[in-house]
Amino acid sequence: MHTHYKRSTRYIYISLFLLFFVFSLLQVGIIDPVIFDAFGRVQHILGIMVPPTLNEPIDVFGAAVESLQIAVMGTLWGIIFSIVLAMLAAKNLAPHISISYAVKGFAAFVRAVPALIWALLFIIAVGLGPTPGILALAVNSIGMLVKVYAEAIEEIDMGIIDGLKATGASKVQIIMQGIIPSIMSIFISWSVFRFDINIRYSAVLGVVGAGGIGWELVRASRVMAYDQVLGVTLVIFAMVLSAELLTRYLQKRADTANLRAAQ
């Protein structure tokens, strides 16, 4: 009886899923005849794209360096503010539990808003260029890093903190000699991971005018220079791949250092 009930329930779920899938196909028009008619135009555009070019006046490599600078600056500012806010968000260090909830609520709100939306808001506030990109990545990083830093601080051994307090250590000494060393491995891991994310974001933020190589992609697409679009896309791919290899190397070095410290 129980097996029959489970089987019937499974069939109902599958039927509902298939019904929703078919409804979605009809609703969004993915099987619209226009889609099939577009294959010819896509084939034509692909023919124009090859071979990819990076001719003047396009400055792809300068824009790629600017994207890298935006990612580095956004990550660094995000880390700095996240460390300070994480001290207030951690329940075992917060002056009052309400402050912990307030900071965590702020981080959750910041985290819920995509980096692209933050970039659009900062463009309105400070104008076009790399500055809104840096601010967007910094704020978006804070939303994520405050959460993981605070959770790491809440899990540290409070005996270390109590021991430092017993010796008359100041708050700065407690943070530098007790808290930071205790969360260093987690701190490095998540900071490197966030830098990897910001590298990817920095290539996209330029699409809305927040500086970087994304703007060159938009410029080339507006003048229908599809060979340059493919060239810029390949540079973005190389940039993201290089960043991933770099972050893997840094992560490996950090793990090795942590293992040696633990021995």
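**Cavity and pocket in a predicted model**

Modeller: The largest cavity has a volume of about 30 Å³. The model is predicted: local features need pLDDT of at least 70, side-chain atom pairs count only at pLDDT 80 or more, and totals for chains, interfaces and linings use all residues. Residues are numbered from 1 along each chain as its sequence is written, and side-chain values use heavy atoms, with hydrogens and water left out.

Colleague: How many cavities of 30 Å³ or more does the structure hold?

Modeller: A cavity is a set of points on a 1 Å grid over the protein atoms alone where a 1.4 Å probe fits but cannot get out. Points are joined across faces, edges and corners, and the volume is the space filled by probe spheres set on them. At 30 Å³ or more, the number of cavities is 1.

Colleague: Which helix supplies the largest share of the lining of the largest cavity?

Modeller: Lining residues have an atom within 4 Å of a point; here they are I83, M87, Y149, I153, I180, I183 and F187. The largest share, 3 residues, comes from helix 9.

Colleague: How many nonpolar residues has the lining of the largest cavity?

Modeller: Ala, Val, Leu, Ile, Met, Phe, Trp, Tyr, Cys and Pro count as nonpolar, Asp, Glu, Lys and Arg as charged, and the others, Gly among them, as polar. The lining has no polar and no charged residues, and its nonpolar count is 7.

Colleague: Which helix gives the most to the lining of the largest pocket?

Modeller: A pocket is an open set with protein on both sides within 12 Å along at least five of seven lines, and the largest has about 260 Å³ of space. Helix 4 (60-89), helix 8 (158-166) and helix 9 (171-205) each give two or more residues to its lining. With 4 residues, the most comes from helix 9.

Colleague: How many charged residues are in the lining of the largest pocket?

Modeller: The lining includes N92, K165 and K171, along with M87, which also lines the largest cavity. By class there are 9 nonpolar residues and 1 polar, and the charged number 2.

Colleague: How far apart are the end C-alpha atoms of residues 70-89?

Modeller: Residues 70-89 are among those UniProt lists as "transmembrane region", in an unreviewed entry. The span is 100% helix and 0% strand, and its end C-alpha atoms are apart by 27 Å.

Note on methods
UniProt positions renumbered as here; feature names shortened; annotations may be inferred.
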